[in-house]
Amino acid sequence: MITLNPNGVYLLDGKTIASEGPLGNDEARENTITYQILRAHDVRSLEGNGRPEAAGDNRGQSPLNAPASKQLKIRFDAMVSHDITYVGIIQTARASGLEKFPLPYAMTNCHNSLCAVGGTINEDDHVFGLSAAKKYGGIYVPANQAVIHQYAREALTACGNMILGSDSHTRYGSLGNMGVGEGGGELVKQLLKNTWDINAPEVVLVWLEGKPRRGIGPHDVAISLVKAVFESGFVKNKVLEFAGPGVASLPIDFRNGIDVMTTETTCLSSIWITDGEVKKYFEMHNRPEAYKELKPGKVAYYDSMVTIDLSKQESMIALPYHPSNAVSIHELQANPEAVLKAIEEDTRKRFGDKVHPDLLSKIRGGKVYADQGIIAGCSGGTYDNLSEAATILRGKSIGNDYFTMSAYPQSTPVYLATTRNHIAEELLEAGVVIKPAFCGPCFGAGDVPSNNGLSIRHTTRNFPNREGSKPGQGQISMVALMDARSIAATAANGGVITAATDIEYTDDHKPYSFDGRIYEKRIYNGYGKADLSVELRYGPNIKDWPVMPAMQENMLLELAAVIHDPVTTTDELIPSGETSSYRSNPLKLSEFALSRRVPEYVGRSKRIQEDDRNRRAGQLTDELRKALAVAGSSAETTSFGSCVFANKPGDGSAREQAASCQKVLGGDANICYEYATKRYRSNCINWGIVPFTIGPDTPFNYEVGDYVFVPGIRQAILGGAEEIEARVISRDGKSTPITLYFKPLTQDERQILADGCLMNYYKNRK
C-alpha cells in the first residue's frame with residue numbers, strides 16, 4: 001500500500017515519474033511547489049532579486065531567477081497560537097520591544113477551555129489574550145469557538161502562503177498553505193519583524209494513487225504513512241509535497257485529516273497540489289481570492305518519494321505508545337493476545353512496578369473490547385468524520401455498559417452544520433455525548449479514561465500519559481488511534497473493535513456548508529487596529545520571566561537526568577493535561593518538569609541552581625570546589641548548571657516550555673545523540689540551552705551526579721566552532737574526554753546562546 005523510494009526522482013509535467021530529467025537536481029528542485037513558496041517568503045531571495053518588500057505581500061509568487069541559497073530567512077503571512085502558549089509569547093515579545101503585531105496573529109482558546117484547574121487562572125489568561133489583541137492588533141477567538149487549526153483553515157489560509165503556529169500540528173498544506181509548528185521563540189522573532197532561519201530542506205514527493213474504499217478514512221491513511229516513515233527518519237525535517245491522481249479522489253476534510261498528521265512523521269512542513277475542490281472550499285468560506293492553482297513546474301526534482309495506493313488502504317489502529325506503532329484492525333483481530341501482551345510488556349518496561357497494566361482482560365471471546373471512543377480536535381472533529389460516524393450509528397446504540405463515547409465538532413460552524421443536517425441528532429440518539437470545540441482529549445485535559453482503560457480515539461497522538469493518567473500515582477490508561485468511521489463501527493458493535501470496512505453504510509447527509517455569522521458576532525478581529533493605550537489585564541498567575549544570566553567563559557554541567565529511552569517526548573519533558581494551566585507562570589510550571597519520567601529532576605536542578613547562585617556570591621560547596629579543581633578552572637569564569645542526557649529528545653509537541661522549564665531551573669545544556677525534531681532543538685537555543693550532541697558511536701555510560709566540563713565554550717560558540725573537546729568528571733574524580741558537537745548554528749543563534757536566551761539577545765540590542 002505504501003512504498004518508499006530513497007532515490008531522487010523527477011516529476012515531468014505533473015504526471016510522469018522519471019529517474020532522470022533535462023535539468024540539474026538543484027535547478028529542478030526550485031520548480032517544486034515547496035520552493036516556489038519558500039523563495040517567495042525568503043528575505044534573501046527577495047532582496048537578491050531587487051525586491052526588498054515584505055515576503056507576506058507576495059502571495060506565494062515565486063521570484064524569477066531565485067538564487068539556490070542553502071540558507072533561508074523566512075517571513076510568514078500569519079501566525080496562530082492557543083491559550084497555553086500565547087501568554088508566554090506576548091510576555092517574551094513585550095520584554096523584547098514589541099510595538100504592535102506586524103502580521104495577522106490569531107489567539108485561540110481551545111486548550112485551557114475547561115477553566116477547572118487553579119481557580120481563575122485559565123480565564124485570566126483568556127482575558128489577557130483579549131487585552132493583548134486590542135493593544136497590539138490581534139485576532140482573539142473565544143473559548144469553544146474553534147480549535148486552533150480549524151480556525152486557521154477557515155479564516156487565515158491562502159494558496160501560496162505560509163503560517164507559523166506555536167503548536168506542532170500547524171499543517172495546512174492540503175489547502176495550498178505551508179504551515180510550520182514551532183516553539184514560542186520563533187513566533188516572537190516574527191512579531192519583532194525578524195525571520196525564521198532554516199537550511200534549505202529536502203523535498204519528498206508523496207504520490208497518491210487510487211481511491212479509498214467505503215469505510216476508509218483519513219486517519220487510516222495517516223497512520224499508515226507514519227508507520228512507514230517514522231522509525232527510519234525517512235522524511236525527518238523535510239517537506240512533504242502531495243501530488244498524483246489520487247488527490248482528486250479525496251474530499252477536502254479527508255485531505256486535511258491526512259495533512260495534519262504529517263507532523264507525526266517528523267517532517268518540517270507539507271504542501272499539496274490545489275484543484276477545484278480547494279477552490280470550492282475558499283468560495284464556501286467567502287474568501288475566493290485566497291485560491292490559486294498550485295502545481296509543480298514542468299520539470300520538478302524530489303529528493304525521495306513515497307507512493308500511497310489509496311485503494312489498498314486497510315482500517316488501521318495505532319497502538320500505545322506512538323502513532324507509528326500500527327497494525328491493521330484485521331491483524332489485531334487475528335492475534336489479539338500477542339499484540340496486547342507486547343503492549344503490557346512495553347508498559348512495564350517504561351513504568352516499572354508503579355503500574356499494573358491489564359490489557360489482556362480486554363479480550364473476551366477472542367475479541368478485543370474498548371472502553372471509550374473519542375472523535376475530537378483538529379484531526380477528528382471534521383464535518384465529514386462526524387457525518388459518516390452518525391450514519392454508521394444511525395438507529396443503533398453505544399449501549400449502557402462500560403463503553404462510552406464523546407464527539408467534539410472542531411468549530412462552531414461545523415457544530416452548527418451537524419445540528420442543521422441531523423448529524424448531531426443521530427449521534428445523540430445513539431448515546432454519543434457531543435461537546436464543544438476543545439483540544440483537551442488530545443493532551444489529557446478531557447475524557448481521561450479509567451485506570452486500565454483502553455480508549456480508541458480519532459485524535460493526533462497516543463504518547464504515554466497524554467490521555468491524562470498519572471503513573472506516579474499508580475494509574476495507567478492507554479490510547480489507540482483509529483479513524484472515526486471504525487470508532488463508530490466499534491461503538492455500534494458493543495465496544496468490540498471493528499473495522500468500518502466490514503460494515504455496509506451509505507452516508508446521505510448533506511455536504512458541509514460554512515456559516516460564519518457566529519464568528520462575526522463573537523471573534524475580535526483587531527488586525528491593523530492596534531491601540532497602545534489599552535492596558536494588558538493580568539491575573540495573579542501571569543508572571544514575568546526570571547532573569548537569565550549570560551553564558552560565561554567556561555561551563556560546568558551536572559547531569560540531573562540521564563534517560564536511555566529510544567525517544568523522549570515533549571510530554572515527558574513537561575507533562576500536558578492540568579499542568580497546562582500553569583504555563584503563564586514560569587516558576588510554577590517548572591515544578592512539573594520531567595515529573596512523570598524523572599520525578600527527582602526538579603529537586604536536583606534546584607539544588608544545582610542554588611549552588612550556582614552561591615558560586616556567584618563567592619561561596620562554593622565542597623563538591624563544586626573539587627570538580628573545579630579536577631577541571632583546572634576557576635569559579636569566577638565557570639558557570640554551573642544542570643544538564644539532561646537523553647538519546648533522542650523532543651518528539652511531539654512544539655511547546656517551548658519543554659525547554660524553558662529546564663532553563664528556569666538553571667539548565668545550561670542538553671546532550672543527546674540527535675534531537676527528535678527541529679522545533680525542540682530551536683526551543684533549546686532560544687532559551688539559552690546549548691544543544692550538544694555526541695557521535696553515534698560514543699557510549700554514554702555516565703550517571704546522574706557526574707559533571708561535564710566544557711572549557712572555552714563562549715569563545716567556541718561565538719567563534720563559529722561546531723565541536724568542542726570536553727571532559728566528564730565522575731563523582732570519584734575520574735576524568736574522561738568526550739567530544740561535543742553543536743552544529744548547525746546560525747550566527748544569530750550563536751549570539752542568542754552567548755547572551756543567555758532570546759529575550760537577553762533582544763534586550764542587548766535595544
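I call a residue buried under 20% relative accessible area, exposed over 50% and partly exposed in between, with a 1.4 Å probe and protein chains only. I am reading a predicted model, where local features need pLDDT of at least 70, side-chain atom pairs count only at pLDDT 80 or more, and totals for chains, interfaces and linings use all residues. Residues are numbered from 1 along each chain as its sequence is written, and side-chain values use heavy atoms, with hydrogens and water left out.

**Cysteines.** I searched the whole structure for disulfides (cysteine sulfur pairs within 2.5 Å) and found zero. For cysteine 159, the nearest cysteine sulfur is that of cysteine 267, 19 Å away. Cysteine 159 has 3% relative accessibility, so I log it as buried. Cysteine 684 is in no disulfide either; the sulfur of cysteine 672 is its nearest, at 8.2 Å. I log cysteine 684 as buried too, at 0%.

**Helix 18.** Helices here are DSSP runs of H or I, at least four residues, numbered from the N terminus. Is helix 18 mostly covered or mostly open? It is mostly covered: eight of its nine residues, 484-492, are buried. Among them I note Arg485, Ile487 and Thr490. Glycine 494 follows helix 18 and has a positive phi, near 70°.

**Helices 7 and 25.** I looked up where helix 7 (184-191) meets helix 25 (678-686): their axes, lines fitted to C-alpha atoms over the stretch in contact, come within 8 Å and cross at roughly 70°. Contact (heavy atoms within 4.5 Å) involves Gly184, Gly185, Glu186 and Lys189 of helix 7, and Ser682, Asn683 and Asn686 of helix 25.

Conventions: Axes are lines fitted to C-alpha atoms, for helices over the stretch in contact, and angles run from 0 to 180 degrees between N-to-C directions. Helices (H or I, at least four residues) and strands (E, at least two) are DSSP runs, numbered from the N terminus.
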